[in-house]
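User: Please take a close look at one part of this model, namely the contact between its chains, and describe how that contact is built.

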Amino acid sequence: MPRATSWAFLSPWVLAFGLFGLYPFAFSLFASFTDYSPVRAEGARFVGLANYARALHDPAFWSALGNTAFFVVGTIPLTTALALALALAVQPAFRGRSLFRTGFFLPSVVSVVVLSLVFKGLYAPNGSLNGLLAALHLPTPAWLLDPDTALPAIMAMDVWSASGYYMVIFLAGLEAIPRDLYDAARLEGATARDQLVHITLPLLRPTLLFVLVVNTIRSLQIFAEVFVMTRGGPLHRTTTVVYYLYEQAFYRFDLGYASALAYLLFVLTLALAWLQMRAVGRPAEASA
Amino acid sequence: MSGEAAAVELRATAPPAWGASLGRWLWLGPLLLTMLLPFVWMATISLAPRSGGSFARAAAGPWDLSSYRALFASAHLGRYLLNSAAVATAVVLLNVATAATVGYVLGRRRVPGEKLWTLGIVATLMLPKQVLMVPLYLVMARLHLLDTYAALVLPFAVDAFSIFLVRQYVLGLPIELEEAARVDGASDWAIFRAVVLPLMKPVLAVVAIQSFLTNWNSFLFPLIFVDSDRLRTLPVGLALLSQTEHSVDWSFLMAGSTVASLPVLAVFLLFQRHILSGLLAGAEK
Amino acid sequence: MKRPARWVAAALAAVLSCAPARKPAEEIVFWQFWPAEVVTPLLEEFEREHPGVKVRMEQLTWQSGQEKIVAAVAAGTVPDLCEIGSTWMPRLLAGGRLADWSAGVADLKPALRGWELCTVGDAIYGVPWVLGTRALFFNKTLFARARLDSTRPPETWVDLQRAAAAIQRLGHGVHGCGVQAGERYVLSKKFLPFAWGNGGEILSEDLKHAVFDSPANREALEFYLGLRRVGMIAQQDALDREFKEGRLGLAISGAWLFRQIAKEAPALRYGVALVPRPANERGAHASWAGGEVLVSFNDAKRKQLALELARFLVRPENALALAGAAKSVQPATVGADTSAYYRAHPLEAVFVRQFETARFTPNHPVWGDMEAAIEDEVEQALYDRKSAARAVEDAQARLEELAGKK
């Protein structure tokens with residue numbers, strides 16, 4: 001089996017990364033060991049691990065990390081389950097299937113900034129959501145103004161907008177499962193639930209791993225929603241790690257510290273992804 | 001059995017009658033409505049320029065299309081749309097091509113240390129772009145690519161997300177067909193083109209949809225890599241036209257966003273048929 | 001063969017006379033935030049005054065413009081002239097990459113205000129273009145309903161409190177005074193006016209020490225917190241919306257409301273007044289002030305031209321053109337309120353008068369962190385996590401620590 005073709009197939013990525021990926025990654029890593037600030041005339045000074053030490057002793061960083069962890073733990077299972085349920089529901093042929101597929105995908109189509117602005121309006125204390133709740137005689141929290149409900153409100157919006165997107169990915173994965181397996185199982189008397197558990201889910205593993213890993217990476221980097229809706233407040237309860245590092249980079253102009261924070265996040269993300277690959281990423285086979 | 005025959009077999013089965021579908025509608029219907037409510041909000045606001053973003057006032061008051069008229073009257077809108085379309089199309093073509101090749105070779109484990117390669121490729125998604133932005137800008141400046149179409153296309157031509165997606169999909173593809181073709185003496189490239197690519201249609205359709213979507217709505221990099229108005233893309237243009245220092249022209253922004261969503265929707269509708277093309281039904285035969 | 005030769009000569013002469021030797025146009029790059037239709041006419045005027053010069057204007061977005069500026073500064077691909085907001089000036093001033101214009105703008109000093117925004121010691125690194133501040137908007141209809149005299153808006157804290165209480169009592173979704181909720185980069189602009197008005201300060205003159213913990217500031221915070229009882233707490237755009245829809249009697253807000261009200265609530269009967277002071281014989285009608293500064297960079301290619309363009313843009317009539325079109329800012333020109341425009345727009349003129357007693361925030365390099373500390377503590381007090389005294393005390397401790405760093 002000639003390896004030449006394999007390397008040729010791999011080369012586009014190697015080339016692109018070499019040009020546009022390697023330098024930024026290396027630059028940021030290097031910057032994290034300095035006090036680089038682009039607006040300062042004096043050059044950057046090497047400070048060793050000072051930025052990392054500062055991060056580990058920075059209560060604001062830990063608070064941001066906690067918020068981000070809460071966000072990830074709260075949204076990933078929900079989004080994944082909902083996306084899978086929707087995909088299973090709209091995969092078989094039925095009347096109006098296209099309508100539902102398109103409708104569920106629609107939230108992903110609009111830019112996240114515009115969506116955040118819309119939800120900011122919806123969540124306003126005198127906004128439409130509270131108007132609806134009041135009409136139903138339900139309590140009307142302050143949503144984005146209440147430290148306890150602000151982050152959950154953003155999380156709800158994230159689940160809403162992401163589910164349809166991952167539903168489409170699950171749909172593609174479902175398509176890769178050969179139909180005969182289902183036919184054979186039906187002949188042997190397997191119920192729909194059996195088919196789901198013993199054929200669909202195991203063979204969907206690679207797609208499931210993809211959704212988990214990619215969604216985790218994205219959720220760990222939540223930024224735009226926070227920037228538009230709450231600016232990290234109230235009482236810093238919606239400040240995520242990336243929002244915090246953005247403030248350091250573009251309001252404090254402290255790129256050295258921001259890079260260190262980014263690499264700490266990187267390590268965390270890598271560890272999580274690796275764990276997910278170990279747990280879910282075993283080769284796909286249908287179980288008997 | 002060839003893909004066409006399988007598709008014919010699928011088409012022969014008509015969708016079930018309305019009655020059988022009703023069950024699904026009962027629980028999917030309300031869910032769909034909840035999902036669509038924010039769009040109702042958006043559309044209503046876009047039709048009420050004097051409501052200032054208040055849904056209650058927008059729903060009540062008279063509706064008019066003046067925001068849409070202002071949008072289309074804007075000299076720049078056509079230019080922004082064209083730029084976004086050209087750039088997004090280029091990126092999609094490159095993404096699909098590179099994801100297909102790189103994802104395939106990873107999914108079939110045809111390079112040593114494949115798992116490490118995959119982890120490395122996925123790892124490039126793990127550093128937030130807010131931090132990559134400044135050094136990437138430096139690269140573009142040194143390469144004299146600032147303020148060019150190339151700046152909007154080249155850095156995004158190869159996409160780790162798409163590669164990973166294709167790899168996962170390929171992992172689930174039965175290898176028998178390829179092995180059969182190899183036994184018949186076909187070359188790597190011939191196998192890839194004739195056997196594998198058609199089977200990858202569903203995932204490549206997803207890659208097309210998602211890279212178009214990501215690129216179409218991309219804001220940060222088009223903002224910083226491009227200065228001139230003639231190269232500006234839609235999200236940046238829309239922000240410039242509708243956002244002032246402390247306030248947002250709600251109605252204009254919602255009108256603009258509605259219009260901006262239409263091409264993505266069109267791409268989705270165009271490609272989504274391929275996601276459920278049923279080509280693998282009976283592929284084993 | 002003379003005829004063809006004559007024709008050729010004539011043709012050559014014609015061609016040569018049609019193509020005069022032109023000096024290649026010098027291009028100056030200008031980055032700014034205002035809409036093209038407002039700024040382009042000014043730039044065209046500048047080009048007419050400077051033949052052979054072309055201005056390439058790039059418009060930046062308000063939300064993310066500074067990211068682009070940071071990237072450009074990092075790469076050295078800076079514009080020749082750039083508009084910078086007062087929020088980012090302290091760090092840039094400390095960074096040392098701004099062009100020194102001390103000599104070039106010295107003669108403009110008496111004509112403009114806002115030099116604090118771009119001055120460090122004796123050196124001037126920019127020129128103020130337009131300024132912004134906050135003033136008190138009040139709803140005349142609600143005043144009438146609450147039996148208050150709408151020709152006499154509140155001048156003192158007690159007046160403000162009483163007026164807000166009277167309007168709050170109207171009930172049915174109507175509130176007296178808008179109280180700013182915790183919102184980064186906004187809360188301090190709404191609270192500090194009360195602190196400054198009461199004689200409180202943040203940093204010492206030499207910027208080396210924090211002097212935030214003072215009876216004046218505690219009193220100011222107590223008063224601010226007290227306004228919650230006679231008003232509503234919300235973010236700025238929600239408060240603005242309540243005011244525009246006629247449900248909020250009093251709101252301290254910015255001049256952007258003029259355009260919004262004209263477009264969305266043209267029938268609203270409202271007035272504008274200076275921010276109330278503690279008492280008639282005490283304190284000042286202080287407010288927060290910031291603005292937009294025109295700067296050039298040491299790395300810029302055409303610093304001299306940039307200086308000329310800046311001087312052109314800050315001419316009274318040009319700054320006024322921008323301010324009149326945008327309405328959310330006022331010219332940095334001293335005496336702008338005597339212009340015909342502001343005489344015709346008395347409500348907007350109040351903003352110009354507010355500048356006389358408005359304060360700029362200290363130019364300390366880490367002012368951003370200091371502002372964040374103050375906003376944090378005030379927010380804690382707003383959410384009743386701390387008393388006013390405790391919040392001021394804690395803010396003092398954090399400010400002192402920050403002032404000690406560079």
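Analyst: In this predicted model, 94 residues of chain B and 91 residues of chain A take part in the contact. The area buried between chain B and chain A comes to about 8600 Å², with carbon and sulfur atoms giving 80%. Helix 2 (18-46), helix 5 (77-107), helix 6 (114-123), helix 7 (129-142), helix 9 (160-171), helix 11 (188-199), helix 12 (201-216) and helix 15 (250-275) of chain B each provide at least two residues of the side of chain B that touches chain A. Helix 2 of chain B gives the most to that side, with 16 residues. Sorted by class, the side of chain B that touches chain A holds 69 nonpolar, 19 polar and six charged residues. Between chain B and chain A there are zero salt bridges, and ten residue pairs are in polar contact, both residues being at pLDDT 80 or more.

Chain B also has a contact within itself. Its domain assignment gives domain 1 (5-9 + 71-284) and domain 2 (17-60), and the C-alpha centres of these domains of chain B lie 29 Å apart. Six residues from domain 1 of chain B and eight residues from domain 2 of chain B form the contact. The area buried between the two domains of chain B is about 570 Å², of which carbon and sulfur atoms give 75%. B:Trp250, B:Ser251 and B:Met254 supply 78% of the area that domain 1 of chain B buries against domain 2 of chain B. The count between these domains of chain B is zero salt bridges.

Key:
Residues numbered from 1 in each chain as written. Chains lettered and ligands numbered in written order. Predicted model: local features only at pLDDT ≥ 70, side-chain atom pairs only at ≥ 80, totals over all residues. Heavy atoms only, no water. Contact = heavy atoms within 4.5 Å. Buried area = accessible area lost by both parts, 1.4 Å probe. Salt bridge = Lys/Arg side-chain N within 4 Å of Asp/Glu carboxyl O. Polar contact = N/O pair within 3.5 Å; in protein donor to acceptor, adjacent residues only side chain to side chain. Helix = DSSP H or I, 4+ residues; strand = E, 2+ residues; numbered from the N terminus. Nonpolar A, V, L, I, M, F, W, Y, C, P; charged D, E, K, R; others polar. Domains from an automatic or database assignment.
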